[in-house]
Amino acid sequence: TNTTSGITQSRVVQLHVDPIIVPFFTEDWEVASLGSFWSLTGTNTWRTLHTTDNLPHGGSKHLTMDSSVDGTSARNETTLTLDLTGKQHVRLSFWAKGFSDEYDGPAPSPFPSTGYDFDGVAISADGGTNWYEVLSLPLPNDWVKYDVDLDEVKAAHSLTFGTNFKIRFNHYDNFGISTDGMAIDDIVVAETLTQSIALTAPASVTEGGASGTVTVTVTPAPT
């Protein structure tokens, strides 16, 4: 308020805070060997390769899955184990492509620890006892980016994020690349932090009077 004129001036302040996306796991396969958080399993003539062949999406390496014997059906299971305790708004993204692969699936929900023959992504919140398919993968022959909201899936099946949460990339078919097969690359698991702002200020200040303090608090605090 101006003490001479008596005029009161007001200002409108708008603040917009974008959500913060924090990747806590990434895999581009540009390593000499796979980390212990990966498990490679399968049936019959399964073949999962950490390789430079067949044109990776980014960098020089990716992971491919196919059958090592043409005419023999095989299931490939590439499983990632993560501790998701306390995580929220979790999303999985990755790139994938096929090699003239015929789609198999979908899987029943849930399917057991013995696995199932399908092309897609599944999760387990109980250490691998029960699995839920979260994404079917009828793959084109070019790289495509896929994104899965794991919180949405968790809520749909009444699951929880814990210390032994598993994500599986599953492939099933009966020939080797380039007649069948799947490749995956550039995997990211990220948490989206939705921030809030609290603005604390005096109800009014007088021109020429004592100064006022305005405090802006962001939760969670940026790092």
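The side chain of R75 forms a polar contact with the side chain of E77 at 2.9 Å. Here a polar contact is a pair of N or O atoms within 3.5 Å; within protein, one must be able to donate a hydrogen and the other to accept it, and residues adjacent in sequence count only if both atoms are side-chain atoms. The model is predicted: local features need pLDDT of at least 70, side-chain atom pairs count only at pLDDT 80 or more, and totals for chains, interfaces and linings use all residues. Residues are numbered from 1 along each chain as its sequence is written, and side-chain values use heavy atoms, with hydrogens and water left out.

The R75 side chain also reaches the backbone oxygen of T114, at 3.0 Å. R75 counts as buried because its relative accessibility is 9% (buried, under 20% relative accessible area; exposed, over 50%; partly exposed in between; 1.4 Å probe, protein chains only). Residues touched by R75, beyond four places in sequence, include W46, Y116, D117 and H171 (contact, heavy atoms within 4.5 Å).

R75 lies in strand β5, residues 74–82 (strands are DSSP runs of E, at least two residues, numbered from the N terminus). An open sheet of six strands runs β2-β5-β11-β8-β9-β7, with antiparallel pairing (strands pair if DSSP finds at least two bridges between them). Seven bridges join β2 to β5. N44 has A74 of β5 as its bridge partner.

How values were computed:
Helix = DSSP H or I, 4+ residues; strand = E, 2+ residues; numbered from the N terminus.
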